[in-house]
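Here is a quick tour of a protein model, written for someone who likes to know which cut-offs sit behind the words. Have the viewer open as you read.

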Amino acid sequence: MKQIVTTHPARFLPSPDAKPVSGLGTLATWCPHCERVHTHGAAGRGAQHRVEKRGAHCDAALGSPMAGRGVSLLVDGSIDAVDEVKPAAPMVRAGLQLHRQLADAAAALRRALLRTLTARRAVRQDMAAFRLEGHEVAVLDLGLSWTIGGRDSDASGRGLLSLAASLYGVTPGIAGRRILETTAGIRLPPDVAIEIEGTLDRWSQSNEAAR
Ligand SMILES: [Zn+2]
């Protein structure tokens with residue numbers, strides 16, 4: 001597995017009750033995974049330009065892959081208020097977060113995707129059930145679990161990537177790459193597409209093996 005090194009820019013926020021030269025205070029960094037500011041102790045070194053290795057303060061519940069890992073803070077300058085490390089992005093200024101907006105729309109987005117994958121066959125609320133070409137297809141909880149019964153084989157899985165793979169005879173990685181391209185309105189270059197497909201397929205196989 002590749003070593004993942006994540007470096008986040010950080011700024012020194014002096015402690016209000018300490019002398020500025022003391023170097024006491026916190027290092028504030030904008031975390032693009034949690035979409036919030038994390039603060040770490042400055043270890044008495046203030047705004048001195050340096051890289052500090054710390055444990056990430058990320059929350060796995062917010063979907064941050066950095067939770068429980070190390071992070072490198074590139075300390076560069078100081079600030080007077082914690083808000084100064086937030087990006088000037090309009091939604092950040094409006095107090096909105098991408099992961100929360102997506103979570104709010106998750107059911108509607110997945111329902112639209114499930115309708116598409118099943119070619120609009122019998123999708124009601126959060127489930128789909130239909131017969132097609134000698135197969136019984138059943139999908140529960142918008143794809144949280146699914147089964148395809150056939151004359152000589154049964155398949156089952158979790159999530160819409162493996163469902164798409166089993167319905168259409170592609171791999172979960174190819175399904176994922178096509179869904180990403182279509183929903184994001186992009187066309188990935190071949191090298192990137194192949195890399196994403198391979199990564200998703202390896203994950204999918206180990207995920208199946210672990211079930
Ligand atoms: Zn975080």
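What follows goes from the whole chain down to single residues.

## Ground rules

This is a predicted model: local features need pLDDT of at least 70, side-chain atom pairs count only at pLDDT 80 or more, and totals for chains, interfaces and linings use all residues. Residues are numbered from 1 along each chain, following the sequence as written.

## Overall shape

The protein chain has five helices and 10 strands; these are DSSP runs numbered from the N terminus, with helices being H or I of at least four residues and strands E of at least two. Its radius of gyration is 23 Å, well over the 17 Å from the globule rule for 211 residues, so the chain is more spread out than a compact globule. That radius is taken over C-alpha atoms, and the rule is 2.2 Å times the number of residues to the power 0.38. Along the principal axes, the C-alpha atoms fill a box of roughly 75 × 35 × 30 Å.

The chain is divided into domain 1 (7–93) and domain 2 (98–210), with bounds from an automatic or database domain assignment. The C-alpha centres of these two domains lie 38 Å apart. Buried residues make up 23% of the 211 residues. For the burial classes, count other C-beta atoms (placed from the backbone) within 10 Å of a residue's own: 20 or more is buried, 12 or fewer is exposed, and in between is partly exposed.

Strands pair if DSSP finds at least two bridges between them.

Strand β2 (residues 25–31) pairs with β3 in the antiparallel sense over six bridges, including L27 with H40 and C31 with R36. The two strands form a hairpin with four residues between them, and E35 in the turn has a positive phi of about 55 degrees. β1 and β2 are antiparallel too, over five bridges, one of them joining L13 and T26. β2 is mostly covered, as five of its seven residues are buried.

## A10, inside the sheet

A10 is found in strand β1 (residues 7–14). Is A10 buried or exposed? A10 is buried, because 30 other C-beta atoms lie within 10 Å. Leaving out residues up to four places away in sequence, A10 touches L27, A28, T29, L73, L74 and V75; a contact here means C-beta atoms, placed from the backbone, within 7 Å.

T116 sits in helix α2 (residues 98–117). With 14 C-beta neighbours inside 10 Å, T116 counts as partly exposed. T116 and A164 are 48 residues apart in sequence, yet 9.9 Å apart in space, C-alpha to C-alpha.

Helix α4 (residues 172–184) has 13 residues, which should span 18 Å at 1.5 Å a residue; its end C-alpha atoms are 18 Å apart, which agrees. The expected span is 1.5 Å times one less than the number of residues. The buried residues of α4 are P172, G173, I174, A175, G176 and R177, and they pack against α3 (160–168) and α5 (190–210). Just after α4, G185 takes a positive phi of about 70 degrees.

Technical notes:
Contact = placed C-beta atoms within 7 Å.
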